[in-house]
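Subject: Handover of a structure and the findings on it

Dear colleague,

Please find below the structure that I am handing over to you. My findings follow directly after it.

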Amino acid sequence: MPGLLTASGDTSSIVPYSPEHSTPTVYTLHHGLTPPITPRLSISWSRGNSLRVTVFRSPETTKSNGDESGGRVVDLKLSEEDVDSEVNDTARWRRIAYGSVSPFAHLQNKKNAMAALSELRHSAPYDGEWSKYVLEYSKEINSLLGSKKSSPTSLIEDPKTVLKNVEEPSSLKAAWELLEIFYADKQSHPWIPEQLVDWLSDYDTLFSGQVPSVHLRLVEFQAELINIQAVENEPRYWQAISSALAVGWLDIVVKLLRLHGSYQLNQLGTREIENGLVEAVAVLVSKLPLMRADLPSGKLGECYFNKSDFMRAWEKWRAQITKLDCSAFWLQCGHNQTKENLKILLQILLGNTRNLSSATCHWVELYIAHFLYIRPFTSGLESMYVLAQKCIQLKPTSSPHKLMRLMLGILQENTEVVLAECSRSFGPWMIAHATELLTAGSVEAEILLKEERDNLGGISIEESHRLVYAQVLSSHALTWQIAPIYLISCVKHGVGLLEILLYKQPAYHSQVLLKNIEICRMYDLDNVSSNAMKIAGVHHWKHGRKGAGVFWLQQARDEIRLNRIAQKLFDFVGKSISDESFEQWEGLIELLGSESRTAGGLEFLHKYRDFKKSLQQVQDDVFNDAARKAGEALILLMKNPSTPQLFWLPLLYDSLKLLNWQERPLLNVSQTNLLLNKLQELSVARLRPDFVEVGLPPQALSSVRVALATNLGRAILEE
């Protein structure tokens, strides 16, 4: 199958390619050869991030220096710091492609098993059980896409470190988690708002490259924090706290509040009221009620599973905020900036839309803030979409991020928009694997994706996307082996395209051929497997590897070609009867065996080989069992109707030593007459125009005739 042409810089391709020229990395190759070298190089991938470089010496150089010809094989290690990003991306995508095969195949097997069971019971499959399988599948894929890896923590924590150093997440993982939240995790649907809060805390950094974000604001403030003496006097300090509070990053808010100058030991006596207000706000922040199943370790807030319990805690918490807001201690606070900004934080906690809008940077952050402080019980995609539209109006974005477009498509409940965004922004891998999530529990999505369409050649949208992904896999030598998993799941064209893919693989490579055979065995493609072995056999035969050619043709049970090879051997041995030429083909005759039958069959060649071996054991002028057995073997061969006429004269000519035995005649009168009759038939046959002469000396016939006549006379006298 031909590969798809992908746009440059498209990170969705299995093998990303960018035409931009960058500064090449130079590696030193320690080969240990003495100059001058003028080498020829062979470069291939070794294990891991290593290149295997084979340095061949030039023949002229080795002759002039008197050195032995040859070269050196060197493994060149590419460190992670020096490996080009394209190589890293290629390895990462290949790891994802291979890792997602097992979850996808297991899910397909479970789907087929449940469909067969439902047909047997004449009932619809149980949606709850299938949803559990889909969630397991989604979790496996999600873990494959990576996890947040933080840098090693020091024994003494830096109090001015606001954000931990973690590996930047990928947009692909963020998109997959969005789909999992809305489509796969059915049991957690009541806590979708809180799941979105966690999602934003993990992936808000992805928005920083395209639009301003709270994460970017905190990163910039952390860089400046080390040079600030009194943070409470800096507007950026309060802005960072407000932004983190708006999106629910409570631990960061509390940590920043406790950097306030009033916490310093030398300030506690004079700023006691100010410190009390700051600490009161920090406690209220840490006691924020959250409607969720559980709370991750290290996260602040109070978790409530039951709605009624949450409502009571929510009302009590808001009453405490109102009470603090009306407290007389504000009048006693001498630091105006602290007083004003703490009041703003209280307004954020009470859900003031104006303060939330000014504290957030884009509409997704404002959307999350609404869930936290204004509408914690928002449920249903329709109401969530209405809220999203309101947030977009308040925080419009000229060029929305692809994750924003995907979220809007999900909230619109528009499967076609979600499919289009997944395909455009995240490539064929995403769309091929995400369809299982989109159809989980949604009859409309299942009809849309699995309905056969005339404009797609009679296949469904789901099958079309899987075929595209399989095409991408099959276009690369390192991933074509996993394309059959996706092709076989396509009912209409999958098997046909799988056969084309297997036929296009170079069958003359043993490892590729063995993989081909294994795939054919898995999917009952015996005809394809047989044809591949035939192709390999013919290729090896034509390129001089005749043993390998015969082996693969035997594995394919290609009797027609094996018989042709046998006939060719037969003709060759018959035309060139010398011991050297026979030894050249003896191994191949043994490999072919005696099952192939053509023009007398290879069974005769095996007997002829045995006769040759018996002749070699005969000692000159010494009558023994070897001489007697050789004579008996000659008579048996000449009597056998399967012995071709082409071999009569060679057999007799090889047996001159037996016919001219000095001590006594080895053949009796009847045996000698049999050989004379065969010789006479041969003389008559030579008169026919189609007779083929064998490669023997011109006097061979007369020599045999004289030897037989002499043996006949001696045999008569002896009898």
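The secondary structure of the protein chain comprises 33 helices and five strands; helices (H or I, at least four residues) and strands (E, at least two) are DSSP runs, numbered from the N terminus. This is a predicted model, in which local features need pLDDT of at least 70 and side-chain atom pairs count only at pLDDT 80 or more, while totals for chains, interfaces and linings use all residues. Residues are numbered from 1 along each chain as its sequence is written, and side-chain values use heavy atoms, with hydrogens and water left out.

Of the 719 residues in the protein chain, 46% are buried (under 20% relative accessible area, with a 1.4 Å probe and protein chains only). Among the contacts (heavy atoms within 4.5 Å) with a separation of 6 or more, 64% are accounted for by residues 24 or more positions apart.

Helix α8 (residues 235–246) packs against helix α13 (residues 336–349) at an angle of about 10°, and their axes are 10 Å apart. Axes are lines fitted to C-alpha atoms, for helices over the stretch in contact, and angles run from 0 to 180 degrees between N-to-C directions. Helices α8 and α13 are therefore roughly parallel to each other (an angle under 35 degrees). On the α8 side, the contact is made by Trp238, Ile241, Ser242, Leu245 and Ala246; the residues from α13 include Gln337, Asn341, Leu345 and Leu349. By class, the residues of this contact are nine nonpolar, four polar and no charged. Here Ala, Val, Leu, Ile, Met, Phe, Trp, Tyr, Cys and Pro count as nonpolar, Asp, Glu, Lys and Arg as charged, and the others, Gly among them, as polar.

The whole structure was also searched for cavities, and four of 30 Å³ or more were found. A cavity is a set of points on a 1 Å grid over the protein atoms alone where a 1.4 Å probe fits but cannot get out, and lining residues have an atom within 4 Å of a point. Grid points are joined across faces, edges and corners, and a volume is the space filled by probe spheres set on the points.

The largest cavity holds about 150 Å³ of space. Of its 15 lining residues, Val197, Asp198, Gly248, Arg292 and Lys299 lie nearest the centre. Helix α6 (192–207) gives the most to this lining, with four residues.

The second largest cavity holds about 90 Å³. Strand β4 supplies the largest share of its lining, three residues, and the lining divides into eleven nonpolar, no polar and one charged.

Yours sincerely

Key: Parallel < 35°, antiparallel > 145°, perpendicular 65-115°, else oblique. 1 Å grid on protein atoms, 1.4 Å probe; cavity = no way out; pocket = protein on both sides within 12 Å on 5 of 7 lines; lining within 4 Å. Buried < 20%, exposed > 50% of the residue type's maximum accessible area, 1.4 Å probe, protein only.
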